[in-house]
Amino acid sequence: MKNVEATDQLHQRAAEMPSLSTLFAFDPERGGTYRVSGAGIQLDYSKQRVDTSVLTLLARLAEQAGVEIERARLLTGEVVNRTENRAAWHTALRAPAEQHSEPQRCVEEQLQRMTQLVDKIQSGVWRGFSGKRITDVVNLGVGGSDLGPLMVTHALREYAEPAARALKVHFASTIDGSQLFDLLDHLNPETTLFIISSKSFTTIDTLSNADTVRSWLAGHCDDHALVVRCHFVGVSASAQRMADWGLPPENQLHFWEWVGGRFSLWSTIGLPIALALGMSIFRQLLAGAHTMDEHFRTAPLLQNLPVMLALLGIWNVNFLDIRAHAILPYDGRLKYFPPYLEQLEMESNGKSVSQAGEPLDYSTCPVLWGEIGANAQHAFYQLLHQGTQAVASDFILSARRYEALDHYAHSEQLQAQHQLNIANCLAQSRVLAFGSEAVEPSDNPWRQYPGNQPSSTLLLERLDPQSLGALIALYEHKVFTQAVIWDINPFDQWGVELGKQVALQLQPLLAESADISGTTLDSSTRALALSIRAHRLASRNHQGDPS
C-alpha cells in the first residue's frame with residue numbers, strides 16, 4: 001500500500017491494540033460514538049478493535065491512496081477499469097432521469113423500453129405461441145445476471161404490486177441443467193417466457209440452457225420463428241449476438257460495456273425484478289441506491305458509510321491478520337444476500353497484482369461467506385465463538401417488521417418473533433466481542449468463550465426497496481474503496497475467464513472417440529477423464545444388456 005509511514009504506524013498500533021473488553025472498559029460510552037449513518041442505514045462499529053488514533057491513520061491511508069480522486073472518476077464515468085480501458089459507470093443506471101447528462105440518456109430510454117415490455121407481459125398482451133397469456137418467467141443467467149435479480153426478488157417479494165403477483169418468476173443458472181430440468185418438468189411450454197441474460201451473449205452456461213429450452217419448446221411447436229418471438233427475450237450488451245441467435249429487435253433489451261456483470265442488476269438485467277415486483281418497485285430500488293451514491297460522493301471519509309466499512313476491512317485484513325469475513329443477516333428475506341456479496345467482493349477484489357501489473361506483497365480480499373443469522377447460529381457460529389482463528393462479521397438487522405399486519409390474526413405473535421430475532425442478533429455480537437465476560441464466567445474449559453471477535457452491525461429501520469438499494473450500493477462502494485487502497489482493479493475478472501477457456505478445451509476430450517494419449521494434459525486430469533469415460537461406457541453397456 002502506498003503510504004509506508006501510515007502502514008508502519010498501523011502495524012505498530014495493531015501490535016499494541018487492547019481487547020474489545022478493555023476498549024469498552026476504557027470508554028464505556030463508545031457504543032454511542034463509534035457509529036455513522038447515511039442513506040437510512042446506521043453502522044455501529046464500536047465492536048471493531050479500533051480507536052481514534054487507528055481511524056486517523058486509516059483515513060490518512062485512504063487519502064494517500066487517492067480514494068477521493070478515484071471516487072470522483074468512478075462517479076463521473078471516467079476510465080477506472082484500466083485493464084479493459086473502460087468506465088464502471090453503474091451509478092449512472094440509478095441516477096434520476098432529470099440528472100442524466102447526454103451520454104446517460106440511453107439509460108432512461110432502455111428503462112422506458114423495459115417498462116413497456118413489463119406492462120405487456122403483466123397485462124397479458126404478450127402471449128405464447130398458442131395464444132395463451134404468460135404465467136411463468138424463467139431467467140437464464142449466471143453470476144451477476146442471476147445472483148442480483150434472484151437476491152432482490154426474494155428479499156422484496158412482499159412488496160410486489162398486484163399485476164406482478166400474477167406471474168411466477170424462476171431462475172436457472174447451473175450449467176449441469178439440474179435447475180432447468182426441475183423447472184421444465186413442471187412448466188407449461190405454452191405459457192412460459194424465458195429471459196436470456198448475458199452481457200456478452202457468449203456465456204456458455206446461459207446459452208447452453210437457452211438451447212435446451214429452445215429444443216424443449218420445439219417439441220411442442222414446430223414454428224421456430226414463432227417460438228423465439230413468443231417465448232424468448234434477450235438482455236445483453238451485444239445486439240448483434242442476440243440477433244444472430246434469432247431474437248428480433250422487439251425482443252431485445254440492451255445495456256452497455258461500461259456496466260460490469262456483478263454491478264448490472266440496476267440495468268435491464270433487472271428485468272426479472274421488474275416482472276416479479278413491478279416497475280415502480282424497481283424504480284424505488286434504484287432511488288435507494290442513488291441516495292447511497294450521493295452519501296458516498298459527499299460525506300467526509302470518517303462519516304462515510306462505504307469508506308468506513310472499507311477501512312475497517314483493511315484494518316482487519318492487513319493489520320490484525322483476519323482473513324475471514326462472515327455476512328450474517330438476521331432477516332430471512334436476505335437469504336441470498338451473502339452469496340450475492342461473495343461474488344461482489346471476491347470476484348472484484350480477489351486479485352494478487354497491482355494496477356501496474358506488479359505482484360502484491362500484502363493481502364487483499366478476505367474469504368467471504370455467510371448465512372441467515374438464525375440458521376448460522378446452529379451451523380458455523382461454534383467456530384466463531386470457540387474456534388482457533390479470528391473472523392470478522394457483519395450483522396445486518398431491520399428494526400421494524402410486521403407492523404403493517406395489525407389486521408392479521410397472528411400479527412402480535414409475528415412481532416414477538418421479530419423481537420426474539422433482534423435479541424438473538426444483539427446477543428451474538430455481544431458474545432463474540434466479550435466472550436464469557438458477557439455472561440456468568442465459568443471455570444469449565446469447554447464453556448469458555450474467548451471473545452474479542454470484531455463485528456459491525458448495520459441497522460435498517462426496515463427492509464424495503466429503497467433501503468435494500470442503499471444496502472447493495474453501500475457494499476459496492478466499500479469494495480471499490482478497498483480496491484483503491486489495495487491498488488488493484490475491482491472491475492476485471494481474468495481468473496474467471498481462464499477457467500472458461502480451459503473448460504472449452506477439455507470438453508471435446510471427454511468424447512469416447514477422443515484420443516487423449518498425446519495431449520499435454522496433466523496426469524490427474526487425464527486419469528479423471530478416462531475414468532469418467534469408462535463409467536459412461538459401462539453404464540451404456542449395462543443398459544443395452546438384455547440380462
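This is a predicted model: local features need pLDDT of at least 70, side-chain atom pairs count only at pLDDT 80 or more; totals for chains, interfaces and linings use all residues.
I take helices (H or I, at least four residues) and strands (E, at least two) as DSSP runs, numbered from the N terminus. Residues are numbered from 1 along each chain as its sequence is written, and side-chain values use heavy atoms, with hydrogens and water left out.

**Entry 1. Salt bridges**

I searched the whole structure for salt bridges, and 24 were found. The criterion is a side-chain nitrogen of Lys or Arg within 4 Å of a carboxyl oxygen of Asp or Glu.

I looked up E16 and R13, whose side chains form a salt bridge at 3.0 Å, N to O. Both residues belong to helix 1 (residues 4-16) and stand 3 residues apart, about one turn of the helix. For burial I use relative accessible area: buried is under 20%, exposed is over 50%, and partly exposed is in between (1.4 Å probe, protein chains only). E16 is partly exposed at 44%, whereas R13 is buried at 18%.

I then turned to D293 and R94, which meet in a salt bridge of 2.8 Å, N to O. D293 lies in helix 14 (residues 279-298) and R94 in the loop between strand 4 (86-87) and helix 6 (105-123), so the pair ties together parts that are 199 residues apart in sequence. D293 is buried, with a relative accessibility of 3%, and R94 is buried as well, at 2%.

A further salt bridge joins R462 and D464 at 3.4 Å, N to O. R462 is partly exposed at 40%, but D464 is buried at 12%. I also noted a network of salt bridges that links E70, R73, E78 and R82.

**Entry 2. Surroundings of T191**

I located T191 in the loop between helix 9 (178-184) and strand 7 (192-197). T191 counts as buried, at 7% relative accessibility. Which residues is T191 in contact with, leaving aside its neighbours within four places in sequence? With contact taken as heavy atoms within 4.5 Å, I listed K132, R133, I134, T135, D136 and H231.

**Entry 3. Aromatic rings**

I recorded 15 aromatic pairs in the structure. Rings of Phe, Tyr and Trp (its six-membered ring) pair if their centres lie within 6.5 Å; planes under 30 degrees apart count as stacked, over 60 as edge-to-face and the rest as tilted. The ring centres of F24 and F434 are 5.1 Å apart and the planes stand at 85 degrees, so this pair is edge-to-face. The pair links distant parts of the chain, with F24 in helix 2 (residues 20-26) and F434 in helix 19 (residues 411-434), 410 residues apart. Both F24 and F434 are buried.

I found F194, W216, F232 and W245 together in one aromatic cluster. The charged end of R214 sits over the ring of W245, 3.9 Å from its centre. The charged end of R71 likewise sits over the ring of F296, 5.8 Å from its centre. The test for such a charge is NZ of Lys or CZ of Arg within 6 Å of the ring centre and within 35 degrees of the ring normal.

**Entry 4. Positive phi**

Most residues other than glycine have a negative phi. F201, although not a glycine, has a positive phi of about 60 degrees. I placed F201 in the loop between strand 7 and helix 10 (204-218), and F201 is buried at 3%. N452 is not a glycine either, and has a positive phi of about 65 degrees. N452 lies in the loop between helix 19 and strand 13 (455-460) and is partly exposed at 24%.
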